[in-house]
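Student: Could we go through this model together? I would like to know what stands behind each label.
Tutor: Gladly, let us look at it.

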Amino acid sequence: MHSPRLAVLIDADNASAKIVDGLFDEIAKIGEASVRRIYGDFTNVRSRAWNDVLAQYAIIPQQQFAYTTGKNASDITLVIDAMDLLHSGRFDGFCLVSSDSDFTRLAARIREQSVDVFGFGEQKTPESFRQACRRFVYTENLLPDAPANTEANGGKSKPLQPPSAATPIIKRVLRQMETDDGWAPLGAVGTQLANLASDFDPRNFGFRKLSDLVRKTGAFEIDHPEGHAVCIREKTSAKRSARNSA
């Protein structure tokens with residue numbers, strides 16, 4: 001089985017060069033970055049930092065001079081290239097690296113062709129773009145000093161959200177799964193979480209593994225029989241409290 005062929009298109013005006021190591025590590029988990037292009041005015045201070053890493057990661061720069069204030073030639077060129085690559089039929093997925101909501105329609109159009117879109121952007125990225133992607137990764141989690149990337153969460157930076165913020169959506173998934181005894185395999189829960197919210201990621205809460213996040217919330221029972229998959233369910237007391245308050 002061949003590794004999925006990916007087209008990586010980076011909006012230099014809306015992405016920091018500091019994420020480059022984490023970005024391509026993350027992309028390598030998905031497939032092969034066959035095309036690597038970056039768009040921007042590299043004479044501009046905001047985009048100039050990318051110049052130092054282009055050769056290291058074999059990223060092809062697409063220089064777009066800002067001839068007119070308020071007009072973004074980089075975005076237009078990125079979209080044109082994306083559609084050309086899409087219609088070539090050579091790619092299994094696209095990685096769009098930007099926090100700009102202008103790419104929402106592009107992501108939706110690519111997915112209409114049954115091609116996956118993986119978005120990478122800052123937490124400020126509008127929901128419309130995040131939800132247009134099959135999966136969306138916050139670039140704050142790709143930085144070397146991100147909480148999930150430091151040993152035992154010992155870094156100075158705080159996670160994007162506290163672990164308790166994950167509890168409602170995990171409970172929602174467990175209730176959707178409707179198992180007879182309330183227990184559900186953690187792997188299946190993770191898959192459904194990704195389907196329900198494209199930007200759900202344990203790293204948002206400071207953990208690399210979903211199991212560690214679930215344990216930290218304190219809201220779930222965990223069962224891991226030897227030789228079997230990890231399963232979780234809501235704590236009985238929490239379920240009883242929910243019924244009483246209804």
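Student: Which residue just after H3 takes a positive phi?

Tutor: Gly-89 does, with a phi of about 70 degrees. A note before we go on: this is a predicted model, where local features need pLDDT of at least 70 and side-chain atom pairs count only at pLDDT 80 or more, while totals for chains, interfaces and linings use all residues. Residues are numbered from 1 along each chain as its sequence is written, and side-chain values use heavy atoms, with hydrogens and water left out.

Student: What caps the N-terminal end of H3?

Tutor: Asn-72 does: one of its side-chain oxygens lies 3.1 Å from the backbone nitrogen of Ser-74. A polar contact is a pair of N or O atoms within 3.5 Å; within protein, one must be able to donate a hydrogen and the other to accept it, and residues adjacent in sequence count only if both atoms are side-chain atoms.

Student: Which residues of H3 are buried, and what covers them?

Tutor: The buried ones are Ser-74, Asp-75, Thr-77, Leu-78, Asp-81, Ala-82, Leu-85 and Leu-86. Buried means under 20% relative accessible area, exposed over 50%, partly exposed in between (1.4 Å probe, protein chains only). The cover, judged by contact (heavy atoms within 4.5 Å), includes strand S1 (5-11), strand S4 (93-97) and helix H4 (104-112).

Student: Why is Ser-114 called exposed?

Tutor: Its relative accessibility is 69%, so Ser-114 counts as exposed. Ser-114 sits in the loop between H4 and strand S5 (116-121), and its phi is near 65 degrees, a positive value in a residue other than glycine.

Student: What makes Glu-178 exposed?

Tutor: Glu-178 has a relative accessible area of 65%, and therefore is exposed. Glu-178 is in the loop between helix H6 (167-177) and strand S7 (184-185). Its phi, near 50 degrees, is positive in a residue other than glycine.

Conventions
Helices (H or I, at least four residues) and strands (E, at least two) are DSSP runs, numbered from the N terminus.
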